[in-house]
Amino acid sequence: MALKVAIVGLPNVGKSTLFNALTQTAAAQAANYPFCTIEPNVGDVAVPEPRLEALAKVAGSKEIIPARINFVDVAGLVRGASKGEGLGNQFLANIRDCDAVAFVARCFVNDDITHVEGRIDPLADLEIIETELMLADLESLEKRVANLDKRAKTGDKDSANTLRLVKLALEELNAGRPARTAKISEDDEKAWRMLQLLTA
């Protein structure tokens, strides 16, 4: 199973250009207008590993199968995406399906390439992205609490454990921190991943 990485950023920051470079294709259209990418572009890349041939010889392998990474170029995120602005909800669903998120921020000045915020400030752009992902996590978790609480009160241990983790994540998010800052035990890692948090 390949690692799946979402390439995330505001519109017009170079996500599709990066995707094309990583996949060594021109599969993703890269153009100078917001939301050039609507449907996600997906590319599968073999991880270069020069030691594979030597290991195959030692092990007597007939076939060499390199590790793979799937890159997903998703639509640009805008302020308010967690509330459905731009392609918000569609965008967030594409990210939830991924194992990792790679943030892309624009660090170059070019008056011919528009910026949705009307200024070049990579740190502010990253803050917008992180905030929108945190707000989406917050909304997702808050919707689960009542149902989990109800099931936990009937003695459902899995629901009680999930509720405990949801509350832990909510504590971080309500404090303005991404869910990944929560202290999770090794025993809880699998259940934590099942929450499908964007900021974990």
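I began with the largest pocket in this predicted model, and its volume came out at about 490 Å³. A pocket here is an open set of points on a 1 Å grid where a 1.4 Å probe fits, with protein on both sides within 12 Å along at least five of seven lines, and lining residues have an atom within 4 Å of a point. Of the 18 lining residues, I noted Cys98, Asp99, Ala100, Leu197 and Ala200 as the closest to the centre of the largest pocket. For its lining I then looked up the elements, and β4 (100-103) is among those supplying at least two residues; β4 gives the most, with 3 residues.

Next I turned to helices α4 (residues 122-153) and α5 (residues 157-174), whose axes come within 9 Å and cross at roughly 150 degrees. That makes α4 roughly antiparallel to α5, a label for angles over 145 degrees. Helices here are DSSP runs (H or I) of at least four residues, and strands (E) are runs of at least two. I listed the contacts (heavy atoms within 4.5 Å), and among the residues of α4 that meet α5 are Met134, Leu138 and Leu141.

I kept in mind that residues are numbered from 1 along each chain as its sequence is written. Local features need pLDDT of at least 70, side-chain atom pairs count only at pLDDT 80 or more, totals for chains, interfaces and linings use all residues, and side-chain values use heavy atoms, without hydrogens and water.

Definitions and conventions:
Axes are lines fitted to C-alpha atoms, for helices over the stretch in contact, and angles run from 0 to 180 degrees between N-to-C directions. Angles under 35 degrees count as roughly parallel, over 145 as roughly antiparallel, 65 to 115 as roughly perpendicular and the rest as oblique. Grid points are joined across faces, edges and corners, and a volume is the space filled by probe spheres set on the points.
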